[in-house]
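I opened this notebook to record what I looked up in one protein structure. The entries follow the order in which I consulted it.

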Amino acid sequence: MKIRKKNNGYSHELATTYISEDKPVISLSTEAETQHVWKNGHRTNEISGYQAWFAQEGLEPFKVKFESRPQLPQFLSAVRLKDLEACQVKNNIYFKATEIEV
């Protein structure tokens, strides 16, 4: 019998287990990557969100998804990710936030 862990979607608690609130988050992207909706194996012109890269001491760089295009600061600026949440799918962690504060 295979037991599956129930996935409750995105949560702030999961995000804080990976991203420390006590250390600065550094912005690595200078432009947000546009994410498109895919249907039947083909990309559409419909935009599903935007992604940007960040880093924190002791962690590998990670992507964060935003519903609207974020205002990105200068390269290597210390930022705060507002309403940061994470979701675990198998062994992958995905992050999303509402905006970036410098």
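**Entry 1: basis.** I note that this is a predicted model, in which local features need pLDDT of at least 70, side-chain atom pairs count only at pLDDT 80 or more, and totals for chains, interfaces and linings use all residues. Residues are numbered from 1 along each chain as its sequence is written, and side-chain values use heavy atoms, with hydrogens and water left out.

**Entry 2: the whole chain.** I looked up the elements and found one helix and eight strands in the protein chain; helices (H or I, at least four residues) and strands (E, at least two) are DSSP runs, numbered from the N terminus. Their order from the N terminus is α-β-β-β-β-β-β-β-β. Along the principal axes, the C-alpha atoms fill a box of roughly 45 × 35 × 20 Å.

I then turned to burial, where buried means under 20% relative accessible area, exposed over 50%, and partly exposed in between (1.4 Å probe, protein chains only). Of the 102 residues, 28% count as buried. The chain exposes about 7,600 Å², and carbon and sulfur atoms supply 47% of that area; accessible areas come from the Shrake-Rupley method with a 1.4 Å probe, and for residues only the protein chains shown count as cover.

For contacts, I used heavy atoms within 4.5 Å. Among the contacts with a separation of 6 or more, 52% come from residues 24 or more positions apart.

**Entry 3: Ser 27.** I located Ser 27 in strand S1 (residues 25-27). Is Ser 27 buried or exposed? Ser 27 counts as buried because its relative accessibility is 0%. Beyond its neighbours within four places in sequence, Ser 27 is in contact with Trp 53, Phe 54, Leu 72, Pro 73, Phe 75, Leu 76, Ser 77 and Val 79.

**Entry 4: Gly 41.** I found Gly 41 in the loop between strand S2 (33-39) and S3. Its relative accessibility is 58%, so Gly 41 counts as exposed. Gly 41 and Glu 85 are 44 residues apart along the chain, and their C-alpha atoms are separated by 28 Å.

**Entry 5: Tyr 50.** Strand S3 (residues 42-56) holds Tyr 50. Tyr 50 counts as buried because its relative accessibility is 10%. Not counting residues up to four places away in sequence, Tyr 50 touches residues including Ala 32, Gln 35, Val 64, Phe 66 and Pro 70. From Tyr 50 to Pro 73, I read 23 residues in sequence and 15 Å in space, C-alpha to C-alpha.

**Entry 6: aromatic rings.** I counted rings of Phe, Tyr and Trp (its six-membered ring) as paired if their centres lie within 6.5 Å, with planes under 30 degrees apart stacked, over 60 edge-to-face and the rest tilted. By this rule there are three aromatic pairs. The pair of Phe 62 and Phe 95 is tilted because the ring centres are 5.3 Å apart and the planes stand at 55 degrees. This pair links distant parts of the chain, with Phe 62 in strand S4 (residues 62-66) and Phe 95 in strand S7 (residues 92-96), 33 residues apart. Phe 62 is buried, with a relative accessible area of 8%, and Phe 95 is buried, with 7%. Ring pairs join Phe 54, Phe 62, Phe 66 and Phe 95 into a cluster.
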